[in-house]
Amino acid sequence: MLRLGKHAFPPGQPLIMAIVNRTPDSFFEPGMTWAESAAYERVEQAIAEGADIIDVGGIPAAPGSDVDVVEEIRRIAGFIAAIRSRYPDIVISADTWRHETGRAACEAGADLLNDSWGGFDEQLADVAAEFGAGLVCAHVGNQRPRTRPFRVAYPDVMADVLAQTLRQARRALAAGVQPDRIVLDPAHDFGKNTWHSLEVTRRLAELTATGWPVLVSLSNKDFVGESLDLPPEHRLSGTLAATAVSAWHGARIFRVHQVLQSRQVVDMVATIRGDRPPARTVRGLA
Amino acid sequence: MLTAAALCPAAPLLARELTGADPVVPELRQACREAVDALVQASPDVVVVVGVGDQTRIWDAATAQLDLTPYAPALGTPPAAQAETLPLALGLGGRLLDEAGYHGPRELQEVGADEPAPDCVALGAVLAQVAPRTALLVMADGSARRSRKAPGYLDERSAAFDAEVGRAIRDGDMPTLLALDARLARELMATGRPAWQVLAAAASGRRPASLVRYDDDPFGVAYLIASLTVG
């Protein structure tokens with residue numbers, strides 16, 4: 001059982017995590033939800049389309065203009081509090097690697113700390129433990145936050161993903177994070193070239209076989225773009241294909257831009273796997 | 001002697017687990033439950049489930065089982081290899097009896113889909129004599145060609161055919177059932193024809209009183225649910 005906030009999610013129930021960027025410069029549809037009103041509309045629409053988790057981030061993954069901790073908290077904490085007040089039942093995630101921001105997010109009502117940078121700030125786990133929040137343990141190789149991979153190489157990238165994420169999970173446990181609130185993320189594109197991300201996708205079952213719930217963040221990323229030679233605005237089909245494969249391999253949480261399409265894909269795969277009944281079956285049975 | 005009968009569809013979707021998250025036809029299942037409850041309350045010495053299949057034969061209720069996995073493999077593992085699989089109509093009928101809490105004697109009678117009327121009549125006569133108070137649970141369906149969306153597409157003749165069967169059941173008019181055109185029934189995919197004729201013959205010339213509980217075709221197949229009593 002995976003616990004997020006007050007909810008318990010059984011294995012086999014895929015969860016959609018909707019990305020809400022409080023940034024002017026993220027790579028996909030930059031600035032789309034930079035304005036507060038647009039961000040609220042995005043949250044409302046994502047929930048209507050079937051999102052289980054709202055993931056609020058204040059800093060792009062890519063390098064760019066500096067966002068210090070004060071500015072990061074300014075961008076997301078008040079917004080998280082407002083979502084919590086409007087939607088008491090939705091799971092809220094804060095996309096941050098900094099423990100100060102994590103603390104502000106948890107105080108505002110966040111249920112999950114989505115640390116995309118692989119435990120760079122070790123105190124983030126302490127904050128998760130203190131607030132009873134969940135923690136995402138991501139693989140980034142040797143990358144520091146907001147850096148791009150430069151000639152990275154692994155003898156076996158999947159082995160490195162397993163070793164690094166499991167090491168972080170053990171560290172989180174030791175810090176007191178509740179075991180049913182720890183999630184592993186292979187972190188496609190983070191510290192990886194496209195070949196690495198494809199290999200991780202192909203071999204994702206090795207990560208889900210650990211028994212820890214697995215989050216995948218595939219949405220419109222460069223490994224999709226380089227696979228299909230397409231710019232970010234044309235990567236939906238490729239994203240959904242990778243989503244389907246990851247769902248088939250047992251991923252539990254899907255961090256996405258396009259909620260409606262992703263919801264349909266993961267529900268369809270869950271139905272094919274037999275984890276979810278079809279909605280309504282009559283064909284050939286009348 | 002036949003004392004009571006219940007008429008229910010033999011559609012796979014009667015099995016709740018086959019329709020997914022949506023119950024789809026709760027009213028159909030409820031009407032079946034009511035018909036079978038009434039049958040059991042008639043205190044029969046034996047209930048004979050009559051259903052159409054590939055051949056005419058008796059099945060052993062102790063060893064043969066309903067198996068839905070041929071319809072939906074995801075439902076799990078089929079019964080052990082040594083267990084026989086019942087024709088669906090008999091399996092569904094047996095399940096209805098189980099759900100009604102009936103633990104008395106039961107027989108399972110398969111009737112071949114192409115059994116000619118005289119053979120159905122002979123079989124019905126035999127079944128009526130199984131016990132002093134015999135009840136029949138007849139699993140039978142009307143035409144599967146009642147609309148363009150129907151499994152067999154629309155055949156304009158289906159409406160009149162099913163209306164005639166419905167009227168005969170409603171009026172206890174067994175001779176009409178005995179006189180049904182087997183070839184027309186086959187063309188209309190009205191699979192219940194041999195089972196209706198077994199029922200009609202088992203009435204032994206008497207006119208049953210009937211209560212029709214459901215008469216509709218939500219998916220292009222005519223479903224008729226009724227309770228019959230022979231005074």
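Axes here are lines fitted to C-alpha atoms, for helices over the stretch in contact, and angles run from 0 to 180 degrees between N-to-C directions. Helices (H or I, at least four residues) and strands (E, at least two) are DSSP runs, numbered from the N terminus. This is a predicted model, in which local features need pLDDT of at least 70, side-chain atom pairs count only at pLDDT 80 or more, and totals for chains, interfaces and linings use all residues. Residues are numbered from 1 along each chain as its sequence is written, while chains are lettered from A and ligands numbered from 1 in the order in which they are written.

The predictor gives the complex an ipTM of 0.87 and a pTM of 0.89. Its confidence in each residue is the pLDDT, on a scale from 0 to 100. For chain B the mean pLDDT is 96, and 99% of the residues of chain B reach 70 or more.

Begin with the helices of chain A. Helix α2 (residues 69–86) of chain A packs against helix α3 (residues 99–108) of chain A at an angle of about 20°, with the axes 8 Å apart. Two residues are in contact if their C-beta atoms, placed from the backbone, lie within 7 Å. On the α2(A) side the contact is made by Val69(A), Glu72(A), Ile73(A), Ile76(A), Ala77(A), Ile80(A), Ala81(A) and Arg84(A), and on the α3(A) side by Glu100(A), Thr101(A), Ala104(A), Ala105(A) and Ala108(A). An α-helix has 3.6 residues a turn, so residues three or four places apart point the same way. By class, the contact of α2(A) with α3(A) has 9 nonpolar, 1 polar and 3 charged residues. In this scheme Ala, Val, Leu, Ile, Met, Phe, Trp, Tyr, Cys and Pro count as nonpolar, Asp, Glu, Lys and Arg as charged, and the others, Gly among them, as polar.

α3(A) also packs against α4(A): their axes come within 8 Å and cross at roughly 15°. These two helices are therefore roughly parallel to each other. Here α3(A) contributes His99(A), Gly102(A), Arg103(A) and Cys106(A), and α4(A) contributes Gln123(A), Leu124(A), Asp126(A), Val127(A), Ala128(A) and Phe131(A). The classes in the contact of α3(A) with α4(A) are 5 nonpolar, 3 polar and 2 charged.

How many of the residues of α3(A) are buried? The count is 8 of its 10 residues, and the helix is mostly covered. A residue is buried if 20 or more other C-beta atoms lie within 10 Å of its own, exposed if 12 or fewer, and partly exposed in between, with C-beta atoms placed from the backbone. What covers the buried residues of α3(A) includes α2, β5 (91–95), β6 (112–115) and α4 (123–131) of chain A. One of the residues in α3 of chain A is Ala105(A), which is buried, with 32 other C-beta atoms within 10 Å. Leaving aside neighbours within four places in sequence, Ala105(A) is in contact with Ile76(A), Ala77(A), Ile80(A), Ala94(A), Thr96(A), Ala110(A) and Leu113(A). Just after α3(A), Gly109(A) takes a positive phi of about 120°.

Further along chain A, Arg146(A) has a positive phi of about 60° although it is not a glycine. Arg146(A) sits in the loop between β7 (134–138) and α5 of chain A, and is partly exposed, with 16 other C-beta atoms within 10 Å. Helix α5 (residues 157–175) of chain A and helix α6 (residues 194–202) of chain A have axes that come within 9 Å and cross at roughly 70°. That makes α5(A) roughly perpendicular to α6(A). Val157(A), Met158(A) and Val161(A) of α5(A) meet His196(A), Glu199(A) and Val200(A) of α6(A) in this contact.

In chain B, Leu2(B) is found in strand β1 (residues 2–8) and counts as buried, with 26 C-beta neighbours inside 10 Å. The C-alpha atoms of Leu2(B) and Val230(B), 228 residues apart along the chain, are separated by 6.7 Å. Ser43(B), by contrast, is exposed, with 11 other C-beta atoms within 10 Å. Ser43(B) is in the loop between α1 (26–41) and β2 (46–53) of chain B.

Finally, the contact between the chains takes 15 residues from chain B and 9 residues from chain A. On the side of chain B that touches chain A, the residues divide into 11 nonpolar, 3 polar and 1 charged.

Notes
Angles under 35 degrees count as roughly parallel, over 145 as roughly antiparallel, 65 to 115 as roughly perpendicular and the rest as oblique. pLDDT is the predictor's confidence in each residue, from 0 to 100.
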